[in-house]
Amino acid sequence: MTTVAQGVRLGGLITAATMAVALAWFAADSASAAEQRFIVGELSKEGAIWHPNMVFLDSSVNLKEGLTFVLENPTDRVHSFVVEGLYEEIPVKTKETVEPGVEVEVMTYQLRPIRVIVPPTETKRVRVNTAPLEKPYAMGQHFKFHCHLHENVHLGGVIFVTR
Ligand SMILES: [Cu+2]
């Protein structure tokens with residue numbers, strides 16, 4: 001079940017109608033873990049934008065099965081996706097001694113700030129640590145994202161926690 005809703009930017013306005021369409025579309029998606037897709041769009045010779053540039057995340061919906069950002073770059077330039085305040089989970093296999101002479105393989109996750117380079121025509125997937133999105137006080141928080149390679153000409157956006 002996908003749990004992320006996105007607004008659609010139309011002339012700078014988010015309308016109730018476009019929100020309803022976006023919510024219905026996500027409700028119909030049957031993927032088990034939530035995915036939020038971002039795609040680079042070209043604005044001009046120099047400019048670019050991450051679409052959507054406003055995302056509304058309902059934290060009351062189950063995020064236990066994980067949240068993945070899917071970052072698509074269909075352009076011929078390298079771009080980056082940096083989110084302030086959110087972390088990527090990097091799986092790490094370690095060995096743990098459960099009793100003398102007996103080791104088991106354990107999967108743990110290291111956290112690192114979300115800062116992903118997306119080469120031309122490639123798609124990257126980022127497993128997001130959802131803890132900051134599920135805290136009781138998460139409602140109303142927002143997390144800005146941008147491309148650090150083109151600070152001034154690549155428009156970023158904001159992820160809002162709506163509940
Ligand atoms: Cu860029």
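Me: Where does Arg 37 lie, and what makes that stretch a strand?
Reply: Arg 37 lies in strand β2, residues 34–42. Strands are DSSP runs of E with at least two residues, helices are runs of H or I with at least four, and both are numbered from the N terminus. This is a predicted model: local features need pLDDT of at least 70, side-chain atom pairs count only at pLDDT 80 or more, and totals for chains, interfaces and linings use all residues. Residues are numbered from 1 along each chain as its sequence is written.

Me: Why does Arg 37 count as partly exposed?
Reply: Its count is 15 C-beta neighbours inside 10 Å. A residue is buried with 20 or more other C-beta atoms within 10 Å of its own, exposed with 12 or fewer, and partly exposed in between; C-beta atoms are placed from the backbone. The value 15 falls in between, so Arg 37 is partly exposed.

Me: Why is Thr 121 called exposed?
Reply: Thr 121 has 10 other C-beta atoms within 10 Å. Thr 121 sits in the loop between β7 and β8. Its phi is positive, about 65°, although it is not a glycine.

Me: Which residues does Arg 37 contact, and what makes them contacts?
Reply: Leaving aside neighbours within four places in sequence, they are Val 70 and Glu 72. Two residues are in contact if their C-beta atoms, placed from the backbone, lie within 7 Å. Trp 50 is 13 residues from Arg 37 in sequence, and the C-alpha to C-alpha separation is 9.9 Å.

Me: What does Trp 50 touch?
Reply: Not counting residues up to four places away in sequence, its contacts include Phe 38, Val 40 and Phe 81. Trp 50 is also among the residues with the most contacts inside the largest nonpolar core, along with Leu 71 and Phe 81.

Me: What makes that set a nonpolar core?
Reply: A nonpolar core is a set of buried Ala, Val, Leu, Ile, Met, Phe, Trp, Tyr and Cys residues joined through C-beta atoms within 7 Å. The largest such set here has 22 residues. Strands that each supply at least two of its residues include β2, β3 (48–51), β5 (67–72) and β11.

Me: How do you know that β2 pairs with β5?
Reply: Two strands pair if DSSP finds at least two bridges between them. β2 and β5 have 6, in the parallel sense, so they pass. Ala 34 has Leu 67 of β5 as its bridge partner.

Me: How do you know that β2 also pairs with β3?
Reply: There are 4 bridges, in the antiparallel sense. Against the required two, that counts as pairing. Glu 42 stands opposite Ala 48 in β3. A hairpin of 5 residues joins β2 to β3.

Me: What comes between β3 and β4?
Reply: A loop, and Pro 52 is in it. The peptide bond from His 51 to Pro 52 is cis, with omega near -10°.

Me: Which residues form the two faces of β4, and how is β4 joined to β11?
Reply: Val 55 and Leu 57 make the covered face, Met 54 and Phe 56 the uncovered one. β4 and β11 (residues 157–161) run parallel, with 4 bridges. Met 54 is partnered by Val 158 in β11.

Me: What is the overall tally of helices and strands?
Reply: The protein has 2 helices and 11 strands. Of its 163 residues, 21% count as buried.
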